[in-house]
Amino acid sequence: MKICVLIKQVPDTDSVIKISNDQKSIEMEGITLATNESDSYALEEALLLKEDQGGEVTVLSLGGESCQQVLKDALAKGADKAIHLDDDDYKDLDILSAAKVMVNVLKDKEFDIIFSGLQSDDIGNAQLGLIMAELLDTSHASLVMGTEILDEKTIKVKQELEGGWFQWSELDLPASITIQSGLNKPRYASLRGIMMMKRKPLESIKVSELNLENTSSKSFVHKLYIPQKTKETVFIQGSADQVVDGLIEKLTNEIKVL
Amino acid sequence: MKLKGLDYLNISEHFSDEEILVQHSVRDYVDSELQPIIEEHFKNGTFPAEKIKEMANLGLLGINLPNKYGCAGLSHTAYGLACQELERCDSGIRSFVSVQGSLVMYPIFAFGSDEQKENWLPRLASGDTIGCFGLTEPDYGSNPGGMITRAVKTKNGYTLNGSKMWITNGSVADVAIVWAKTEDEVIHGFIVETDRDGFDAPEMKNKWSLRASVTAELILENVEIPEENMLPGVSGLKGPLSCLTQARYGIGWGTIGAAMAMYETALKYANERIQFGKSISSFQMTQEKLVWILSEITKGQLLAMQAGRNKDRNVLRHQQISMLKRNNTWVARETARLAREILGANGISGEYPIMRHMMNIESVYTYEGTHDMHTLVLGDDITGIPAYR
Ligand SMILES: Cc1cc2nc3c(=O)[nH]c(=O)nc-3n(C[C@H](O)[C@H](O)[C@H](O)COP(=O)(O)OP(=O)(O)OC[C@H]3O[C@@H](n4cnc5c(N)ncnc54)[C@H](O)[C@@H]3O)c2cc1C
């Protein structure tokens, strides 16, 4: 089984985010970068499949030099190869263009499965896996919560639907599959794995040196801002039963803690 | 790559990618798996034995020993960073790893026969076997050279008699490295399986420090061991002292981790706690405390980092390790008091980790050579006068 996992480096979730003066990007100074959360689950799913079926896991990341960190982390956890698409002079591609860049490198590699996280914690397009499937002409499933290889040509996936429903479906391979956080328990890089990491291949390719057509971004960030915090007190009125019903309604549907 | 957490002086650039990945991995593991359970264990006075296997799988036991024994084979600097992250959680956890790696695996690695290494190191690295280190005796603490535990030669080996005190992991250990004198008054190390007749290890209860670490007495009453259980590679006090040098090196990093945990807690608290209409972090006296802690931690990081570099080049002198252990443990001890002050009444509450670290550091201040003993080691080094005798 040849598996590729697309991994993005994003600001760590507990970073304090400050918006730059131009209001189009965030201040990177003092931000810790980490692997996008759902990508960690995608990697774990790939490693579990490899351990079960045999094969090879390649990880790929598009970004500046710093994103080699998430690739090295993936190699330390057990991925076999890494590809870094260095976008230093090709920054801030929109998601379609980013997918085209990746396809340019992946199209001849004949992966059986391309895993990606459901969405990135920074921009949150939630489209990459879907676009990859379209551009590479593979089958596709999003929001995947479980996988099972049926045979060399078929994978069964469990998808999350709305309202707590799940659906199992079978896909032909090759497939591009986006993974929802929580389906497995991502491993920690073992210290031995970290020692082995430096002997594994990490190929760096400059995006500017790829033969690209049609990859200029068509969408641009216009303005970034932090939402205004507002405090609102809601009084639920009526009989005790009505108040309880109203409260449960709010806790379930608005605050989503029930 | 960047270290996670406090790095005021941007020292990340001096660490290799591997070293930084080690810090990240151990930190992530500690935050998700150990932090949530540590308070409970500390309160109950129990060691989280259920985590031994996970820690072993991560590679925390014998980090800087070679691959061929099932160890990670990482640099001493990486080992130091791992100790920092473990002690950021609790000194008891770091103590467990120090004892297993530096006080049990290290002497077998450095002074053991090939058979001893092959027999013991993989089991100790995998956590299937737990070890302890018996040097201190009821009447000989800072002066271990005076020990009275004896190893008398028999036809096929030795008979051990004596007692050891304050032995970390003692009552959970499968094997003890026991230091004893032979008839010629020379100290030797012995590998003693704890299920041998005449060996007993009652747990020492009623500790108010290192409560998440097990401490025991070792009682040896005519314990017979075969000849091949003696460590052949060393004799004299330098045997146990060289093990302590390894462990102290890790403590020098670890205590900075404890200080970091307290600093982060205090800074966050100071920013959130409102008195007189503003956060207490806006008062100069609070800022002064936070800045003192930050500066001392930063200096401690530099000290640890350079000690690590020296150790990786095999040029670290034991007196430099005394400086590292002495200084950084003191930093953690002072930090505990200042952080406790910043948290006010909440500082004494179990809701925050300050008192737990404060109590732990009192052990760390004393074990592996007391603060004062390290002062005298350094005093001897610069004046040539050993004031401890
Ligand atoms: C929780 C815990 C775990 C431990 N784990 C282990 C273990 O796993 N294995 C092990 O072998 N030991 C262990 N120890 C023992 C530890 O190493 C000793 O406690 C330490 O060496 C100090 O010995 P002592 O307690 O007998 O103090 P003492 O040696 O009696 O010292 C008491 C005081 O006198 C001072 N003092 C002593 N001599 C001098 C001198 N010459 N000049 C100036 N001041 C002096 C000391 O600095 C100290 O302040 C542990 C201790 C604790 C608390």
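**View 1. The ring pair of B:Y158 and B:F190 in chain B of a predicted model.** B:Y158 is buried, and B:F190 is buried too (buried: under 20% relative accessible area, exposed: over 50%, partly exposed in between; 1.4 Å probe, protein chains only). The centres of the two rings are 5.1 Å apart and their planes stand at 65°, so the pair is edge-to-face. Rings of Phe, Tyr and Trp (its six-membered ring) pair if their centres lie within 6.5 Å; planes under 30 degrees apart count as stacked, over 60 as edge-to-face and the rest as tilted. The pair links distant parts of the chain, with B:Y158 in strand β3 (residues 157–168) and B:F190 in strand β5 (residues 187–193), 32 residues apart. Helices (H or I, at least four residues) and strands (E, at least two) are DSSP runs, numbered from the N terminus. Residues are numbered from 1 along each chain as its sequence is written, and chains are lettered from A and ligands numbered from 1 in the order in which they are written. In this predicted model local features need pLDDT of at least 70, side-chain atom pairs count only at pLDDT 80 or more, and totals for chains, interfaces and linings use all residues, while side-chain values use heavy atoms, with hydrogens and water left out.

View 2. B:S322 is buried, with a relative accessible area of 1%. Not counting residues up to four places away in sequence, B:S322 touches B:H374, B:V377 and B:L378 (contact: heavy atoms within 4.5 Å).

**View 3. Lysine charges over rings in chain A.** A:K2 lies over the face of A:F111, 5.3 Å from the ring centre. The charged end of A:K156 sits over the ring of A:W168, at 5.0 Å from its centre. A charge sits over a ring if NZ of Lys or CZ of Arg is within 6 Å of the ring centre and within 35 degrees of the ring normal.

**View 4. The interface of chain B and chain A.** Chain B brings 25 residues to the contact and chain A 15 residues. Between them the chains bury about 1,700 Å², 62% of it on carbon and sulfur atoms (buried area: the accessible area, 1.4 Å probe, that two parts lose on being put together, summed over both). B:E18, B:L21 and B:L58 lose the most area in chain B, together 30% of what that side buries. Three salt bridges cross the interface; a side-chain nitrogen of Lys or Arg must lie within 4 Å of a carboxyl oxygen of Asp or Glu. A:K198 and B:E18 meet in a salt bridge (3.0 Å, N to O).
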